[in-house]
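This briefing walks through selected features of the model shown below, grouped by topic. Please read it alongside the sequence and the coordinates.

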Amino acid sequence: YKLSVSPEMDIMEYCKKEWRGNTPVAKRMRKGYEAVAQKFASIRRIRGDNYCAFRATLFQALSQATQLPSWLQSEDFTMLPENLLSKNDWIKQWQLKQKPGKKMGEISDEIKEYLILLRKKWKNISEIKGPTEKQEACDKLFKNEEEEYSLYEALKFLMLNTAIGLYNDGRNGRRVPVFSWLLFARDTSSNPCQLMHNHLNHIGHSIGLEQVEMFLLAYALQYTIQVYRLYKYSTDEFITLYPNDPEEDWPVVTLITEDDRHYNIPVRMCQETML
């Protein structure tokens with residue numbers, strides 16, 4: 001049994017344990033952690049598999065949620081699988097981690113269930129007033145493996161939906177964010193169908209999220225994902241925002257990475273930072 005989100009640990013204690021040597025890399029990591037420790041007191045380790053970017057982002061979003069995002073409230077939210085399938089036959093090739101080999105035509109009900117689960121969990125946790133109780137509810141959710149992976153399937157499907165919207169906007173001459181051009185400039189994802197086949201179907205199984213897909217996740221959730229990229233300490237990219245021109249009303253979640261592959265989360269903002 002693996003914990004999805006480990007208990008809190010003092011950030012500098014964690015850093016000392018992980019980065020003891022005097023190599024240039026260790027020194028840079030320690031400086032990076034010191035900078036994070038100016039703002040946050042603790043760190044929670046995220047279970048390291050190919051879902052860790054989803055896990056870290058969703059955990060942070062839920063643990064500070066105070067209301068249901070507007071896109072989760074829309075009436076046709078749970079109709080997404082049917083609506084997308086009716087316009088894009090290729091979505092039948094969507095693959096579920098729990099049901100490998102089953103085609104989308106047979107699993108659109110399951111995806112609908114996952115979307116309903118996402119809405120329900122988000123609503124329930126956002127209605128909890130006390131911070132301790134809210135944290136306990138998040139911890140409990142991320143100990144339930146079946147529910148947890150169902151939520152990641154919902155997130156992946158939302159990313160596909162967002163990608164289709166951006167792709168169509170770009171083709172119709174509407175303004176799209178820069179990352180959308182980059183996403184579809186890749187040889188492996190020149191359109192949403194390729195993005196699904198070569199990337200989204202494999203995320204969680206054999207690959208994690210690439211940088212450009214972090215932008216897509218941020219857009220799908222309508223959250224700004226702020227990441228301390230420790231190996232980029234003392235460069236302009238030390239704190240990277242996805243998207244880098246966020247909408248003002250998007251909530252912000254903060255993650256930490258040492259290598260752009262694995263993500264942990266900082267918790268407990270220092271008092272002076274909050275003021």
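In this predicted model, glutamate 18 and arginine 45 meet through their side chains in a salt bridge with an N to O distance of 3.5 Å. The pair links distant parts of the chain, since glutamate 18 belongs to helix 1 (residues 11-18) while arginine 45 sits in the loop between strand 2 and helix 3 (52-63), 27 residues apart. Glutamate 18 is partly exposed at a relative accessible area of 33%, and arginine 45 is likewise partly exposed, with a value of 38%.

**Other salt bridges**

- The structure holds 17 salt bridges, and one of them is formed by lysine 112 and glutamate 82, whose closest N and O atoms are 3.9 Å apart.
- Because lysine 112 lies in helix 6 (residues 104-126) and glutamate 82 in helix 5 (residues 80-87), this pair ties together parts that are 30 residues apart in sequence.
- Lysine 112 counts as partly exposed, with a relative accessibility of 24%, and glutamate 82 also counts as partly exposed, at 34%.
- Arginine 174 forms a salt bridge with aspartate 169, where the closest N and O atoms are 2.7 Å apart.
- Arginine 174 is partly exposed with a relative accessible area of 47%, and aspartate 169 counts as partly exposed at 25% relative accessibility.

- Strand 1 (residues 9-10) pairs with strand 2 in the antiparallel sense over two bridges, and the bridge partner of methionine 9 in strand 2 is isoleucine 43.
- Strand 2 and strand 6 (residues 263-269) also run antiparallel and are joined by four bridges; here arginine 44 has isoleucine 265 in strand 6 as its bridge partner.
- Strand 3 (residues 224-229) pairs with strand 5 in the parallel sense, over six bridges.

**Burial of strand 2**

- What leaves strand 2 (residues 40-44) largely enclosed by the rest of the structure? Four of its five residues are buried, so the strand is largely enclosed; a residue counts as buried when its relative accessible area is under 20%.

**Loop residues and surface charge**

- Lysine 143 has its place in the loop between helix 7 (131-141) and helix 8 (145-171), and at 48% relative accessibility lysine 143 counts as partly exposed, because the exposed class begins over 50%.
- The C-alpha atoms of lysine 143 and serine 4 are separated by 6.4 Å, although these residues are 139 residues apart along the chain.
- Asp245, Glu247, Glu248 and Asp249 form a negative surface patch.
- Aspartate 249, one of the residues of this patch, is found in the loop between strand 4 (239-242) and strand 5 (252-257), and with a relative accessible area of 65% aspartate 249 is exposed.

Methods
Residues are numbered from 1 along each chain as its sequence is written. This is a predicted model: local features need pLDDT of at least 70, side-chain atom pairs count only at pLDDT 80 or more; totals for chains, interfaces and linings use all residues. Side-chain values use heavy atoms; hydrogens and water are left out. Patches are made of residues with over 30% relative accessible area and no salt bridge: like charges are joined within 9 Å, nonpolar side chains (Val, Leu, Ile, Met, Phe, Trp, Tyr) within 5 Å. Accessible areas come from the Shrake-Rupley method with a 1.4 Å probe; for residues, only the protein chains shown count as cover. A salt bridge is a side-chain nitrogen of Lys or Arg within 4 Å of a carboxyl oxygen of Asp or Glu. Lys and Arg count as positive and Asp and Glu as negative; His and the chain ends are not counted. The place of a charge is taken as NZ of Lys, CZ of Arg, CG of Asp or CD of Glu. Buried means under 20% relative accessible area, exposed over 50%, partly exposed in between (1.4 Å probe, protein chains only). Two strands pair if DSSP finds at least two bridges between them.
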